[in-house]
Amino acid sequence: MKGTVLTLAAALLAFAGIAQENTNTNKFRQLGTELPTPNVYRTASGAPGPQYWQQRADYRIRVSLDEDLHRIDGEETVTYFNNSPDVLDYIWVQLDQNMRAKDSDTYKIRQNKLSDEMSFREYKNLTPWFDGGFNIEEVTDTRGRDLPYTINKTMMRIDLEKPLVPNSAVSFRIKWNYNINDRMQVGGRSGYEFFEDENNAIYTIAQFYPRMAVYSDDAGWNHKQFLGRGEFTLPFGNFDVKITVPADHVVAATGELQNDREVLTAEQRERFKRAASSDTHLEIITEAEARENEKGRRSDTKTWHFKAENVRDFGWASSRKFIWDAQGVEFDNRTVMAMSYYPKEGNPLWGKYSTPVVIQTLETYSKHTFDYPYPVAISVNAASIGMEYPMICFNYGRCEEDGTYSQRTKYGMIGVIIHEVGHNYFPMIVNSDERNWTWMDEGLNTFLQYLTEQEWERGFPSRRGEPRDITDYMKGDKSNIVPIMTNSESIKQFGPNAYAKPATALNILRETVMGRELFDFAFKTYANRWMFKHPTPADFFRTMEDASGIDLDWFWRGWFYTTDHVDMSIDYVEHKVVGDLIGEPAGGEIKYTHPGEYAESISRMRNAREISQTATEKDTTLLDFYNKEFRAMQEAQREERRLRDESFRNVPEADPADLEDWQREALNDDRHFYEVQFSNIGGLPMPIIVQLEFEDATDSLITIPAEIWKMDDVSVTKVFVTYKRVTGMLLDPFLQTADTDLSNNAWPLRNAAPSKFHLYKRAQRERPANPMQRANKKR
């Protein structure tokens, strides 16, 4: 009876604990049930456990490209290794091309509307018309005997002849074909771009073969259907791939070329050898050679043979239009070949920038993670796309016919190359589950992209990373915002949610919450712990805390699990000295507002000290029109606006209050006490960063950790003691916290800055001249 009572009491206590956790709304409560229980596979520190395991899949693939039919035919032998402790009766294979089948769920769930004006492409895509998807011709064992299989949309289950026990492997064969999509008509991460006037195409090919699904300790078989948004989850393995294409095509691919003597000329091989040790990028195929090559159309074929070790996927590109340049980069006594493939339409931008940007990306990312482990890193030019695969990526950026380009095109191209090459680290090596958690690769990668852009060029116009750039999204309509910790297929506002917000959160952690030294150590620890493994969100959260010694549960909860935004305000300031009030309350005649867009970013202030030379400062040949005349013109316009708005810094002396004699004597103490109340209007707690402005025109910066909100996450009061009179206070002066409303961040008087509406010009048949073209006309 006593044991029964104790058991019942324990159950009631446990229930009470769960109930208390469910009703506890304190923003600093620990992440309890939100994170999975640590085990022998994944530890509480965020590291792989002593019994961590993962599966492996090796591929031997033979494919051919039919340029006339735009079709791929392929055969593969897959060897699947069961390193798990489980017995597997069947295995799952991904058929990603099936999202383009006419009966695909991707089309069925796509919402669309009719409007009074529609483009021909919108009209054409109202109903599925492209005949896409894999045609599976056969699935057999290695002796040619049929294996039973079931296709469920974008997944295929293969029933094994006998159970696959732990520490064993099984091999099987698949034969297939599919029609390649025209990316410019149908869209897609891969496909072809057709140049009608030349009867030529650039093929950027991926998801072209049936790929093994991941079987893991935390999720079992990851066979969530591919609907087009949530990307890929794949096991590591070794690839042996032969690609047969028209004989005048040039092929770029994951891995190292095995038969260069069969597919390259002696001169091309010699140029490649020189590029490996060159201190600048050299052309393997020149523009003149590419122009001559694209005039023909050979009917015979060549087979290009590539091998890649310990990669999770394989991608390739093929065209007779390619210019090809390369340069070797040294990593730990290894030479990595940074290479670019692009048509004449990409020059002069691509010939000038692509390979140097690849090199800068490898150097900056390696500094913050681990040395790039693969032998090549390739950037391929393809219109209107940015997409990544191991060792190869497809990136947009084209010039006008006259060779000019806009500032947006230039920096967009540099940014997308950094981003897509950077994906080699996340998720190609730190192999997170993209199908479920987009932010784990896109968010972390966008953060490192921001760091790389700032090391490429001082003042690079980064689109994402700075706290000020996320505020419009975070304060927006909450019905159209979901937490970062949302499955990839259910994300609203995909770019801000999965790219910009997590990247900004990491930048705030680095600059404001943890500091650069602690953050960089913890982030590098995470990258090295999970290099060539499969991390989960909990592994990232726990490692960042474990390696830094900082409790960040409040930060993960606020930034990743909620849609709260940052809006802290200075509610009132009461100024006292020993004995009596001597100052003026808020609302006096002094005008003081937050400088807003004119405030210098804390990241750029620190980068000015810590980045001794950017890539464009080391090599001034990388500078162009937009770094010289156009940048000077923009700075002059910005200074003109700043001077026009200079009134926000007008802080006249306030008249002292009438005092009695004994009160005047008390002033000899020279100490000033300021009681300040702050409110957390947006709901997301952050450090309180206050700049005190003194009457002698000096200032002092005070940073209060976010933990001040632990007891009351709505309103807190803090007393500041100074030896000089404070004439103004500014909350978040360097825009470090993504505060969405700066009008309540200043004391003593809040002068709200006007809100902005955005204008855009609809695309016309004839584009307006870009700044380079306008400058050329003036000359």
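**The whole protein**

The model is predicted: local features require pLDDT of at least 70, side-chain atom pairs count only at pLDDT 80 or more, and totals for chains, interfaces and linings use all residues. Residues are numbered from 1 along each chain as its sequence is written, and side-chain values use heavy atoms, with hydrogens and water left out.

Of the 779 residues, 54% are buried. Buried denotes under 20% relative accessible area, exposed over 50%, and partly exposed in between, with a 1.4 Å probe and protein chains only. A contact requires heavy atoms within 4.5 Å. Among contacts between residues at least 6 apart in sequence, 77% join residues at least 24 apart.

**Helix α8**

Select residues 349–368, which form helix α8. The 20 residues of α8 reach 28 Å from the first C-alpha to the last, close to the 28 Å expected at 1.5 Å a residue; the expected span is 1.5 Å times one less than the number of residues. Helix α8 is mostly covered, with 16 of its 20 residues buried.

**Helix α15 and its surroundings**

Next, select residues 553–560. Helix α15 is largely enclosed by the rest of the structure, because 8 of its 8 residues are buried. Among them are Trp554, Trp556 and Trp559. The buried residues of α15 pack against α10 (439–456), α11 (471–474), α12 (494–513) and α14 (537–548).

Now display α12 together with α15. Their axes come within 11 Å and cross at roughly 150 degrees; axes are lines fitted to C-alpha atoms, for helices over the stretch in contact, and angles run from 0 to 180 degrees between N-to-C directions. Helix α12 is therefore roughly antiparallel to α15, a term for angles over 145 degrees.

To view this contact, select Lys501, Pro502, Ala505, Ile508, Leu509 and Val513 of α12, with Trp554, Phe555, Trp556, Trp559 and Phe560 of α15. By class, the contact has 10 nonpolar, no polar and 1 charged residues. Ala, Val, Leu, Ile, Met, Phe, Trp, Tyr, Cys and Pro count as nonpolar, Asp, Glu, Lys and Arg as charged, and the others, Gly among them, as polar.

**Residue Asp260**

Finally, select Asp260, found in helix α5 (residues 260–263). Asp260 counts as partly exposed, at 31% relative accessibility.

Key:
Helix = DSSP H or I, 4+ residues; strand = E, 2+ residues; numbered from the N terminus. Parallel < 35°, antiparallel > 145°, perpendicular 65-115°, else oblique.
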